[in-house]
Amino acid sequence: MKAPSFSYERAESVANAIELLARHGPDAQILAGGQSLMPMLNFRVARPAVLVDINPIADLAAIRVDKKGVFIGALARHADIEHSGEVAEQLPLVAAAMPQIAHPAIRNRGTFGGSCALGDPAAELPACCVALGAEFRIAGPKGERSVPAAKFFAGVYTTALEPGELLLGAQFPARQPGYVSRFLELTRRHGDYAMVGAAAHGRLDKGRLSDLKFVYFAVGDRPIMAMGLARAVEGKPLDAATIDAAVAALKDDLDPPGDLHASSVLKRHLAGVIARRMLNEYATHKGA
Amino acid sequence: MTVFDAPNSYIGRSIPRPNLSRLTQGRGTFVDDIELARMLHAAFLRSPHAHARIVKIDTGKAARLPGVVRVLTGTDIAAVFKPYVGVLTHLQGMRSPPQHPMPADVARCQGEPVAMVVAESRAQAEDAVEAIEVEWEELPAALDMERALEPGEPVIHPDFGNNLCWERNIDTGGVDAAFAAAHAVVEETFHFGRHTGVTLEPRALIADYSKAEEALTVYYSGQSPHMLQGTLASRLQVQEHKVRVVCKDVGGSFGIKIHTYGDEMATCAAAKILGRPIKFIADRQESFVADIHARDHRVTARLAVDKDGHILALEMDDLTGIGPFSMFPRSSGVECNQILNLTGGPYRIPQYRARGRVVFQNKAMMCQYRAVGHPIAVAVGEGLVDLAAAKIGMDPAEFRRRNLLPDDGYPCKSAAGMRFEGLSHQAALAKLLKLMDYDKLRAEQAALRKKGIYRGIGLASMIEVTNPSPMFYGVGGARIAAQDGCTLRLDAAAGLHCLTGVTEQGQGLEAVMTQIAATAVGVTLACVRMHTGDTDKTPYGGGTWASRATGIGGEAVLQAGIELKRRVLEIAARLLKTKPEELDLVESKIVKRGTSEQLMPLYELTRIVYYRTNELPDDIQPELVVTRHYRVKDYAFVFTNGVQASYLEVDTDTGFVRLLKHWCVEDCGRAINPKLVDEQCRGGIVQGIGGALYEHCIYDERGQLVTTTMADYLVPMPVEMPEMEIGHVETPTQTSALGAKGAGEAGTGGAPAAILNAINDALAPLGAKVNAQPSTPEVVLKALGKI
């Protein structure tokens, strides 16, 4: 498990990174926290000729809060997000997800942008981004552009990022009053990739949910928004009948492929268990 | 007063390990820490197929790459390395064909090495491995052990006619009559998943052959240096005394590092061919495909009881698939053999019939891993016991009380013919039930069930094979020492060097041997220096396996110490003009016996012995070095016993099992260092939990191992581990003066059974039953009929 030879370039700024990516073309690979890339190099699954190291670009690591909401920079480490008071206050869904991501050593190095740009369908952060309606900021040779999270994740390890582009971070909308988040994942060991997980964000008013974004992960090729479930609960009292109907709606929302640790049938079953538990939590939620 | 209860005895005290600060300060020397001049690195091309003919290997392109010194194939290695056959003659009828480090004709499992690159760096070697071109002709593979003996299944070794490696039968003769007369009969088929022992430091060695001396030095991460010395000398045709195996620090072994691996042997052969040191460090991925696996068993078993819950008869059928060869030199038949020997071992069982079949298949080789056979034997026996207790409506603890061997009934012999010298099943069970407050726990369980919370309590009584005699391997023709030796040497400044044939794997052996040596001789702990793992220096011994190091190696230390002390006191008496009986050696001081009155410091005596021999009477030999060897004579094995309990909660929606608490009461005879015994129990239990809930080597339908990373192969992690409470009963063995039995494997042997029983106890009110390990959420939910 030794990586094949590669060249190394150090990007000093976003412009410099874009320039280096343009210069080396498809043979270049961006190195952020390296928590997925380094094993892939050592397994010889990834064979870039050049690594463009963006770690020196300090600006990319910022977490900024303003009237528009929260911007999490691509180089923000998981541990920084986990321990950020602003994230805890403004993005409780993200704060709830952070301790579930791998282990402290990995969170110390792994980055927000790396997780999102990799597009692993079992990862937590992409589902949170979709549930919260985040917009990804992307820099490229032709300037900057934005892509909504719901359109960013395009398949297994596939995103809207084009060759030569660099993910700058994600803009999360400001926290809206009355909205409540829930996060739950099932892993056999703490820190593992989820067998099934979900990130939910919706308006809770007098025991009724509306505008619910209920986003599953590890059940498809990207974060999957459970539309039927959301429709089934929209504006209704969260009683047993509503919750049953919501769980039943998952039949059409999800078609999970099986993997090593959970068959398709098991994932479907667990998705139902998660939905029931999270909706029950909404039903018994106290406070705003 | 014996050496054990003297006030200055270190035996029975939890002293810290002498190697602890060295290891925690990063001053350990593992194989990869060793750099030799002109050293090269090896990497292997491994078969991508479960079964395939090697039509052609073209190494030309690889050989021309930067840094590559040589590319070698099976044919090149076979020219210098004689094949080996992994059978034991006392496992009658066992067969396995000659095996080469790398096959020249056919690869018989995925991961089998077929070519090696020796290069200036491991990275360059791996680059060249990719450039080797092999033309393969895929052959049909025999993967499923259930089908391995069926007609029409591919036969891996055509000369054998079928895929049977070995079959053993036991029959006491009255089984059918006992079942016919039984009040109740229970039957179950148990499935145990393949897993492996993931060592923190992977397999590793450096082979350094000197053509000038015709001598081979091997730095090795392993358990049994003398065994490897014998293997290498005979296979590579180097004079045995010119093969030196050195084991410095070893980062865990668990039975993984005691076998003859093709990649390691090929590395030694290549060192002889090239005359340069070559390092091979298995990476994690190749560890998963090439380390031995274990525990792949299917057991169908039934138990007959009378109306009072007394066991009448046990019958079982074990089937196991071991890969394409039986592993040299211990064979891959021992796990099956142990299962037949041990199942139901804690109980009085009048009639017993068992069949064990060991079959070849095109998967990675299986062989002995920590607690060989025990987890299966205990899970089957204890699973049946719980089923029988439930069937006749008896509490499982009471059922055990009635059937466990009585504590005053020794020596005795089990239905399988195992001879027990002195066990404490009843006392251990009583202590366990008290420790866990069994009745209160049952009440809590019942109360929670009413709230829809499903908790289970699982018990598991067990016996464990420790301190093996030559009846384990030596009698079967294997060059594996059952005896072990110790040399104690008192130097001029009264430092005591302890050289032993048993080895440190990270388990704390150096602490235990230091305690025994210091106590037996009468010196302080601080003046003992341990030397292990070097065939040039230590007495010839077997090393560390089968929970033998303390019981056998420790007894050799004790006997050497007793003799060395006798010599010291004899010299002291002459110098002090008194009788040896009037003197004692305590904490490195010569004292008047029975007092702490110092007559002479020990260093004064050693100074005279080494520098001023003129002061010694002429008939005194200036010789403060003693070697003693010890072997177990009276019994084939010195069994230990123990009992474990698991308390857990099953989430009946998700199928997840949450471990709440685990208890273990263990009788390993005299406990030299109670804390280390406890930690052996705890570590062992964790590995048992791994097999019970998490660890699984999963193959796809083409014989490809799909669990080759730490993300896919789930080892137990701290967050999920329960609190463990350990208790002891001490029944010292009379086979040695030390009285110590082994403690290294009981945790692993008993935990899976306790967990399986606890899961089934939790599920019982729902009418569900689990019979497969690892008991994954999928297994549990299927049992509940939810998926």
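This is a predicted model: local features need pLDDT of at least 70, side-chain atom pairs count only at pLDDT 80 or more; totals for chains, interfaces and linings use all residues.

User: Okay. How many residues of helix 14 of chain B are buried?
Analyst: 13 of its 13 residues are buried, so by that under 20% cut-off helix 14 of chain B is mostly covered.

User: How far does helix 14 of chain B reach from its first C-alpha to its last?
Analyst: It reaches 18 Å. Helix 14 spans residues 509-521 of chain B, 13 residues, and the reach is close to the 18 Å expected at 1.5 Å a residue.

User: What follows helix 14 of chain B?
Analyst: B:Gly522 does, and its phi is positive, near 100°.

User: Switching to domains. What does the assignment give for chain B?
Analyst: Domain 1 is 20-27 + 483-630. Domain 2 is 34-139 + 200-253 + 257-290. Domain 3 is 293-470 + 634-783.

User: How far apart are the C-alpha centres of domain 1 and domain 3 of chain B?
Analyst: They lie 39 Å apart. The contact takes 18 residues from domain 1 of chain B and 19 residues from domain 3 of chain B.

User: And what area is buried between domain 1 and domain 3 of chain B?
Analyst: About 1400 Å², with carbon and sulfur atoms giving 59% of that.

User: Sheets next. What is the order of the four strands in the open sheet of chain B?
Analyst: The order is 20-28-29-30, with mixed pairing. Strand 20 (454-466) and strand 30 (723-728) of chain B each have a single partner strand, so one side of each has no neighbour in the sheet. Neighbouring strands of this sheet are turned by 15° against each other on average, direction ignored.

User: How many bridges join strand 28 to strand 29 of chain B?
Analyst: Ten, and the two strands run antiparallel. B:Gln644 has B:Cys664 in strand 29 of chain B as its bridge partner.

User: Which strands of chain B does helix 18 lie across?
Analyst: Helix 18 (residues 746-763) of chain B lies across strand 20, strand 28 and strand 29. It runs at about 155° to strand 20 of chain B.

User: How many bridges join strand 13 to strand 14 of chain A?
Analyst: Two. A:Val215 stands opposite A:Met225 in strand 14 of chain A.

Methods:
Residues are numbered from 1 along each chain as its sequence is written. Chains are lettered from A and ligands numbered from 1 in the order in which they are written. Side-chain values use heavy atoms; hydrogens and water are left out. Two strands pair if DSSP finds at least two bridges between them. The expected span of a helix is 1.5 Å times one less than its number of residues. Buried means under 20% relative accessible area, exposed over 50%, partly exposed in between (1.4 Å probe, protein chains only). Domain bounds come from an automatic or database domain assignment. Contact means heavy atoms within 4.5 Å. Buried area is the accessible area (1.4 Å probe) that two parts lose on being put together, summed over both. Axes are lines fitted to C-alpha atoms, for helices over the stretch in contact, and angles run from 0 to 180 degrees between N-to-C directions.
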